[in-house]
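Subject: Structure handover

Hello,

Here is the structure we talked about. Please look it over, then read the notes below.

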Amino acid sequence: MNTPENRAAGADPAPPDGRNDAEPLSAEPVQRCGLIAIVGKPNVGKSTLLNALVGQKISITSRKAQTTRHRITGIRTLTNEQGGGTQFVFVDTPGFQTKHSAALNKSLNKTVLGAIDGVDLILFVVEAGSFTLGDAKVLSLLRAGTPAILVANKLDTVHRRAEVAPWLRDMQERHPFAEFVPMSAKQPKDVRRLLQICERYLPEQPWWYSDDELTDRSEKFLASEVVREKLFRLTGDELPYTSTVVIDQFKEEKSRAHGRMVRIAATIVVERDGHKAMVIGEKGERLKRIGTEARQELEKLMDCKVFIELWVKVRSGWADDEARVRSFGYE
Ligand SMILES: Nc1nc2c(ncn2[C@@H]2O[C@H](COP(=O)(O)OP(=O)(O)OP(=O)(O)O)[C@@H](O)[C@H]2O)c(=O)[nH]1
C-alpha cells in the first residue's frame, strides 16, 4: 500500500515516469461538500438564515410562526481561483411544535428528526440571549455524534450586549457545541463569516450539484411556497397556520409571445367558512392581491411568464386527519 509509512521506509517503488514521489501529482483542485441542517423552534429566523446563506430567496419567511413545513434544501457553491471550493447543501426544517399534538405536528416533528439524520453539521438557531422550553425540546433531539454550532441569531435586537457573554456560558453547559456564533441573519458580513466557519466541517469530496444550482426542489413546489407566503403575509395574524396551499395544475406551455410560459392552478385550503371569507376579502380584493403578488414573484424566480388561478376551499379538521395531511404532501 502506498502509505506515508512504507514510502518513508523505501518499500514503495519509484513512479515509472521518474517523478519525485514527494511532489504533488498535479494541483488537483480540492472540493468540499456536505449537508448542513438548520434547526430551531418556530420564528427564530431559520428561513431568513437559509436564504441569506444561499444568497437567494429559497425558503419562505413570514412574521407568523410555523410557516415552514417542508424540508427545503438550498445550495451554495463558493468557488476559488484553483477551480475548487465548497458546496454547502442546506436543509431547512419546520419549527418544532410543542403545544399541539395533532397529526400535522407529528409529521413536522418527524421531518425535523429526518432532517438531522446523517448531516455533517447542524446549525442550532436560537434568539440571542433567550432559551425557552421550545428551544430545549429541539436541542434534546441533537445527538452528540454530529457537530453542532450554536447560532445566536437576532443579535441586533439585543440592547444589552454585556448580557450575551454569561448567556453563552450558560449555553455551553447545555450541549457540547462545536462553536458559538452570535450574529444577525440580516447582516451580510455575519452570514459570510458563518459560511467560512461551516466550511471547516464539510468533508473533502466532489460536489453533488453543478455550481449554479440553488435548490433541488421543483418549480411546482416553489409555486406552492410562494402562494403560501403571500397568503400569510396578506392575511396578517388572522389566519391560523393550518391553512395550506395545494397545486392542482402546473403546466408548462410554449407561447409565441412570451417564450416559456407556466399555467398554475392552486387551491388554498382553510378550516372554516370564516377563514374562506377572510382569504377572499371584500369583493375578492385580497385573493386577487395574493394571486398578483405570487405571480410577480414566480415570474422572477422562474424567469418566464406565469398565469395563476386561485381557489379557496373549506376542509374542516384536515390538520387532525393523518391521511389527509399525507394527501396534502406532508409525509
Ligand atoms: N431583527 C432581526 N429579525 C430577524 C433576524 N432573522 C430573522 N428575523 C425575523 O424573524 C422573523 C421570523 O423569521 P423566519 O426566518 O420566518 O423564522 P423561522 O425560524 O424560519 O420560522 P418558522 O418558519 O416558523 O419555523 C421574521 O420576521 C424575520 O424577518 C435577525 O437577525 N434580526
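First, a term. A residue counts as buried if 20 or more other C-beta atoms lie within 10 Å of its own, exposed if 12 or fewer, and partly exposed in between, with C-beta atoms placed from the backbone. Helices (H or I, at least four residues) and strands (E, at least two) are DSSP runs, numbered from the N terminus.

This is a predicted model: local features need pLDDT of at least 70, side-chain atom pairs count only at pLDDT 80 or more, and totals for chains, interfaces and linings use all residues. Residues are numbered from 1 along each chain as its sequence is written.

**Helix α7**

Start with α7, residues 219–235. In this helix, 12 of 17 residues are buried, so the rest of the structure largely encloses it. The buried ones include Leu 222, Val 226, Leu 231 and Phe 232. Gly 236 follows α7, with a positive phi near 60°.

**The β7–β8 pair**

β7 (residues 244–255) and β8 (residues 259–270) run antiparallel, joined by 11 bridges. Strands pair if DSSP finds at least two bridges between them. A hairpin of three residues links β7 to β8. Ile 247 sits opposite Ala 266 of β8.

**Cores**

A nonpolar core is a set of buried Ala, Val, Leu, Ile, Met, Phe, Trp, Tyr and Cys residues joined through C-beta atoms within 7 Å. The largest has 36 residues. Among those that touch the most other members are Ile 36, Phe 90 and Phe 124. Elements giving two or more residues to this core include β1 (31–39), β3 (85–92) and α6 (188–199). β4 gives the most, with six residues. Another core, of 20 residues, lies apart from it, and Val 262, Ile 290, Ala 294 and Leu 298 are among its members.

The chain has 10 helices and nine strands. Of its 331 residues, 33% count as buried. Arg 169, in helix α5 (residues 164–174), is exposed, with 10 other C-beta atoms within 10 Å. Its C-alpha atom is 9.9 Å from that of Phe 180, 11 residues apart along the chain.

Best wishes

Technical notes. The expected span of a helix is 1.5 Å times one less than its number of residues.
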